[in-house]
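Hello,

Here is the structure I promised to pass on. Please open it and keep it beside this email while you read.

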Amino acid sequence: LLVALAAAANADHDIFHSSRTFTDLTLTSEYGPTEYSLQCNNYEYFKVFFHFPCNDLVVNVKALQGQPDIYVSKANIDNDPYPTKEKLTWAAFEDSQHQLTINHRDPESSPGFYYIGIYNDCSHQSESALFQIKVSKGEPTESTLNDLSLYPQRAINQLIDAKGYKYYSFCSPRCSNVRVALANCLSEAECPGKYSYPELLVSRTKANPTLYDHSYKLAQIERRDIWMNVTDPSARDNNGFVQGEFYVGVQGFCTEAEFVKNPAFDGPCSYAANTLFNVTVSYHDVPGTGEFGQCPDDSVTPLAVLPTVPDYPILTSGVSVKGNVGCVQFATQLQYKYYKIKVPQPCNSLNIQVGTVNGTNPGNVAELSIGKFPNTVPTFDNLQWTSYDFGSQNLTISAFDPAFDGGMVCGPDGISECEYYIGVPSYCTTADVTSVDYILTATLVPLANELYEVPQLDQKITPNGVNKYQFCTNTAIDVSAYLNSYASACDCPNNYAELEFVISRTNADAGVQDSTWKLEAGNPTGIFTLKTSDADTRPGTYYLNVIGSCEASVNVACAADGSNSCSCSPCSHLANSPYSLYMGSSSAFNSNGVAETILESCATAGVNNVIPVKAGLEGTCSGECTVVSSKNKSVLTQGATAGVAIAVIVFVLFILAVVMYLYRGYLRCCCYNPNTLSKSQHANQGKYTANHDEREHEANVGVLPSSAI
């Protein structure tokens, strides 16, 4: 009985999985003959091995019946790879949307297995789903026009403004050492008025790197190329792969007029816009590369190349130290002094300043080169943060920098306290100067608390627009986000809205199809919780984007006569449909802040309601229509219906059994126990029994007398 009732009680929860095994798929351009059937609120699982790091992965579902939604994860097979609505996934779940494209530029994507869950969403309908599925390799699109792998001529004979940027990208398809070279005129004698020293930047995490971001740089005149070798762990993507996307920036570095002493050597900014440059990329395959371009194990095993943690002097946040570092003219062999600072919690940015204190020649200057593990010896020749300012150097590394971490997630074991290594080199432009004195200060700057436990009230959003928020957690706790809006078409027919939000670890521009956690439109509670039990969560920074989902008035989903205005979520509603947003610790969620997000009346004519926490009530829309928004209407699944039926049957049988048991006890107690009868009852029973026995004996020979019963 309890099992049956539990099945009915969980009718609207995603606990029913038709399959906990994966069906293997191969890449194909055509749908296969197999049709898959799926009951309401169930999942069917597939997996595919995708070994094309420079192509998008495309999942298509042909919906023959029902509403099959797509959820895809990249989880390790030992880390519960079954994708669901509640997990970190790529997804396609909007109405009539049955294609999902995972962009190869997505920082979460990489070669390997992808796990696909198809979910039959019965919030809109109650049919079983019938579908076919195919997975294919995407072809280049307009977003790859600046890809130097496909269009190398895009970076040939280019011009750039002084201090400006131009951006490119390329994708390495195999296990290769990669060389990126920048060629331009460096001599006033060869190119009068047209020479300069543009800077080359290469990053694996930031599409538009700047001089101040975590990237490979030239940082000197003599070297005009950057090598990224497979043995360099810093050259890998977030998932540890050498193959994949690289981002290239060219910056019009030049010397400002006030610092120019020799126009024939200093590269004045007035020359920069006239300097032509070329960027070229070359690949040098590693022997033993595998069938699909993967690196041989011995060249990419992190422990084979990771250094030990250095014993540099430890800086205290906000406390300045004085130092001296040797320098040589023209910076042919830079010398460095090294320090480190620990970052015990992730919700801090790191500000580093170094100022030169000796000499009056501005050409003699101390600079910065900052790295994180495994780059324990940051120089201008490897991956690092740096500052290119003249005079004093002032660099802030944001806690939201995708390459920055804090807390116990660093080091060779991945569970050590994060620390950052600061190198101080110096340049000298006069032969009589052999060293530079400097003052170095590193300061941890706590993030401003813009969202966490700070209610965002009376927020507005444009049709299909995105409102961006961000938050950070210092400790491993469950946190919940609550989106309170006019979600009920019945209570607010003139301004209800079906808003949704996504949460991403790495992507400030994330949408519903990206690798995110999602609060889908029509969620009856408006609450989504990031749980510490989820292996994809961790203390640190997150992006939360609210999305103004709606149907434009010209869309056929909204009838011209307004007959379905209670279910189509018109875009015109959003102008008068504010929302409130709250993010905080789940343990204190109901008492801290949720009450503050209560909205004012949704201003329905003749109604003065406050939108309830649990929206989506059935009923009519104040007489305007009788259609209830299907996204808010609960539909019992077939499993739940069966559970209810079983519960009723078992309950009836249980009651009948109890009644029969009690009645039998009554008969034994009151009718057949001679010790409880009075004398007259004994006599009457004896007479009845004798007469009864005579009649029974005559009619049925062989029947036992009552005295034997």
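C54 is partly exposed, with a relative accessible area of 23%. C171 is buried, at a relative accessible area of 3%. Please remember that this is a predicted model.

These two cysteines belong together. C54 and C171 form a disulfide, and their sulfur atoms lie 2.1 Å apart. Where do the two partners sit in the chain? C54 is in the loop between β3 (43–50) and β4 (57–65). C171 is in strand β10, residues 165–172. The angle about the S-S bond is -90°, and the link of C54 and C171 is left-handed.

How many disulfides does a search of the whole structure find? The count is eight. Here are two others to look at.

Start with C347 and C472. Their sulfur atoms are 2.0 Å apart, and they form a disulfide. This link is left-handed too, with -95° about the S-S bond. Again, distant parts of the chain are linked. C347 lies in the loop between β18 (337–343) and β19 (348–356). C472 lies in strand β28, residues 466–473. The separation is 125 residues. Both C347 and C472 are buried.

Now find C410 and C418. A disulfide joins them, with an S to S distance of 1.9 Å. Is the link of C410 and C418 left-handed or right-handed? It is right-handed, with 75° about the S-S bond. C410 has 13% relative accessibility, so C410 counts as buried. C418 is at 0% relative accessibility and also counts as buried.

Next, the sheet that contains β19. This is an open sheet of four strands. The order is β17-β26-β19-β23, and the pairing is antiparallel. Which strands stand at the edges? They are β17 (320–326) and β23 (393–397). Each has a single partner strand, so one side of each is left without a neighbour in the sheet. From one strand to the next, the twist averages 20°.

Best wishes

Note on methods:
Residues are numbered from 1 along each chain as its sequence is written. This is a predicted model: local features need pLDDT of at least 70, side-chain atom pairs count only at pLDDT 80 or more; totals for chains, interfaces and linings use all residues. Side-chain values use heavy atoms; hydrogens and water are left out. A disulfide is a pair of cysteine sulfur atoms within 2.5 Å. Helices (H or I, at least four residues) and strands (E, at least two) are DSSP runs, numbered from the N terminus. Buried means under 20% relative accessible area, exposed over 50%, partly exposed in between (1.4 Å probe, protein chains only). Two strands pair if DSSP finds at least two bridges between them. Axes are lines fitted to C-alpha atoms, for helices over the stretch in contact, and angles run from 0 to 180 degrees between N-to-C directions.
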